[in-house]
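Reader: I am new to this structure. Please walk me through it, one feature at a time.

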Amino acid sequence: MWELMLPYLIGTALGITPAPDGMAPDTMAAAPAAAETALEDLSVREPEPQVPTGKFTTAVEIKPILGMTKGNWVAVRLYEGQDLLYFTHLLSWRCGMWEVRYGLNGAPAETVFPLEPCHEDTASPNSMTDMVNYLPYVTLPPESVDSIYVEIFYDDGTSDFAQFNRNEVLIP
């Protein structure tokens, strides 16, 4: 029951009201491929409508969650002789985002992490189904990740960022 009420309560708190009966809310289009948006100036994009749908496909629905779970945005793991930098948590909420960028070891967030398109026509639009073309991690040389800078661009035109040291996000 709460999963149905939470978006409504958040939207109400932010001053957003549901669409009138008979009007379908606008939904986010599939996230563009990374090659098409690489380092695009996202500030010139038109913000998308922020009507809470209960499916967590808009920035108004996912921003409070990502704000409270910022320490979980990324994770690093040394596995089979390689550093794996995971973006799994962000991928779970990607439908309210335009893009995720990252930079390593003091570099600015200029590398675009590709996001699987949302599955708006399903009950779980944020589900990850294409693990062949959209891995939840990047592979890097062993012990090469000392720090990570992550920037998220939401579909309402805003952004957020976080910076992590390896030991803060290291998993066994």
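Reader: Is Phe87 buried or exposed?

Author: Buried means under 20% relative accessible area, exposed over 50%, and partly exposed in between, using a 1.4 Å probe and protein chains only. Phe87 has a relative accessible area of 1%, so Phe87 is buried. One caution first: this is a predicted model, where local features need pLDDT of at least 70, side-chain atom pairs count only at pLDDT 80 or more, and totals for chains, interfaces and linings use all residues. Residues are numbered from 1 along each chain as its sequence is written, and side-chain values use heavy atoms, with hydrogens and water left out.

Reader: How many aromatic pairs are found in the whole structure?

Author: A pair of aromatic rings is described by the distance of the centres and the angle of the planes. Rings of Phe, Tyr and Trp (its six-membered ring) pair if their centres lie within 6.5 Å; planes under 30 degrees apart count as stacked, over 60 as edge-to-face and the rest as tilted. Five such pairs turn up in the whole structure. In one of them, Phe87 and Tyr102 have ring centres 5.2 Å apart and planes at 50°, so this pair is tilted. The pair links distant parts of the chain, 15 residues apart: Phe87 is in the loop between strand 2 (82-86) and helix 4 (88-91), and Tyr102 is in strand 3 (residues 97-104). Helices (H or I, at least four residues) and strands (E, at least two) are DSSP runs, numbered from the N terminus. Tyr102 is buried too, at 8% relative accessibility. Phe87, Tyr102 and Phe113 form one aromatic cluster.

Reader: In what order do the four strands of the open sheet run?

Author: Two strands pair if DSSP finds at least two bridges between them. Here the order is 4-3-6-7, with antiparallel pairing. Strand 4 (111-113) and strand 7 (159-165) are the edge strands, each pairing on one side only. Strand 3 and strand 6 (residues 147-154) are joined by seven bridges. Glu99 stands opposite Phe153 in strand 6.

Reader: Which ring does the charged end of Lys63 sit over?

Author: A charge sits over a ring if NZ of Lys or CZ of Arg is within 6 Å of the ring centre and within 35 degrees of the ring normal. The charged end of Lys63 sits over the ring of Tyr154, 5.5 Å from its centre. For Lys70, the ring is that of Phe161, with the charged end 5.9 Å from the ring centre.
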